[in-house]
Amino acid sequence: MPSVVKINVLTVPAEQRETLEKRFAARAHAVENSDGFEWFELLRPVEGTDTYLVYTRWRDEESFKAWMEGPMKSAHRGGTEGERPKPAASGSTLWSFEVVQQTAPKSE
């Protein structure tokens, strides 16, 4: 069964970039102990776009769903009701993929 990739496409205004990156850094370990988790990358746009990509790879769809329902919800709560910080992103879309081919650098 192939791994699944989830890419959260975040529209982040220039003035919110630092806030977004600090929030991800503050909860850097919120995902890595999750069952089925394989990889995470936060990709900052270089030019011509205000779109960040949050790349995660999972053993299977079920592992991703379990993380979404548990640890991810907890990580995004951040404080008691009414204290929740304003989102840094002004929009979000989730893309889903299956890994059909992959390669790694040749070891020497």
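This is a predicted model: local features need pLDDT of at least 70, side-chain atom pairs count only at pLDDT 80 or more; totals for chains, interfaces and linings use all residues.
Four strands make up an open sheet, arranged in the order β2-β3-β1-β4 with antiparallel pairing. The edge positions belong to β2 (37–43) and β4 (91–98); each has a single partner strand, so one side of each is left without a neighbour in the sheet. On average, and with direction ignored, neighbouring strands of this sheet are turned by 15° against each other. Strand β1 (residues 4–11) pairs with strand β3 (residues 51–58) in the antiparallel sense, over eight bridges. Within this pairing, Val-5 has Arg-57 of β3 as its bridge partner.

The aromatic side chains come next. There are five aromatic pairs in the model. In one of them, the ring centres of Trp-58 and Phe-64 are 5.9 Å apart; the planes meet at 65°, so the pair is edge-to-face. Trp-58 is buried, its relative accessible area being 0%, and Phe-64 is buried at 6%. Trp-58 also pairs with Trp-67, here in a tilted arrangement with 5.3 Å from centre to centre and 35° between the planes. Trp-67, like Trp-58, is buried. Together with Phe-37, the residues Trp-58, Phe-64 and Trp-67 form one aromatic cluster. Elsewhere, a charged residue meets a ring: Arg-27 lies over the face of Phe-24, 5.1 Å from the ring centre.

Charged side chains also meet one another, and the structure contains six salt bridges. One of these joins Glu-61 to Lys-6, with 2.9 Å between the closest N and O atoms. Because Glu-61 lies in helix α2 (residues 61–77) and Lys-6 in strand β1, the pair ties together parts that are 55 residues apart in sequence. Glu-61 is partly exposed, with a relative accessible area of 25%, whereas Lys-6 is buried, at 4%.

A further salt bridge connects the side chains of Glu-21 and Arg-44, at 2.7 Å from N to O. This pair links distant parts of the chain, with Glu-21 in helix α1 (residues 17–26) and Arg-44 in the loop between β2 and β3, 23 residues apart. Glu-21 counts as partly exposed, at 23% relative accessibility.

Asp-60 and Arg-59 form another salt bridge, their closest N and O atoms being 3.5 Å apart. Asp-60 counts as buried at 14% relative accessibility, while Arg-59 is partly exposed at 36%. Both residues belong to a network of salt bridges that also includes Asp-35.

Methods: Residues are numbered from 1 along each chain as its sequence is written. Side-chain values use heavy atoms; hydrogens and water are left out. Rings of Phe, Tyr and Trp (its six-membered ring) pair if their centres lie within 6.5 Å; planes under 30 degrees apart count as stacked, over 60 as edge-to-face and the rest as tilted. Buried means under 20% relative accessible area, exposed over 50%, partly exposed in between (1.4 Å probe, protein chains only). A charge sits over a ring if NZ of Lys or CZ of Arg is within 6 Å of the ring centre and within 35 degrees of the ring normal. Two strands pair if DSSP finds at least two bridges between them. Helices (H or I, at least four residues) and strands (E, at least two) are DSSP runs, numbered from the N terminus. Axes are lines fitted to C-alpha atoms, for helices over the stretch in contact, and angles run from 0 to 180 degrees between N-to-C directions. A salt bridge is a side-chain nitrogen of Lys or Arg within 4 Å of a carboxyl oxygen of Asp or Glu.
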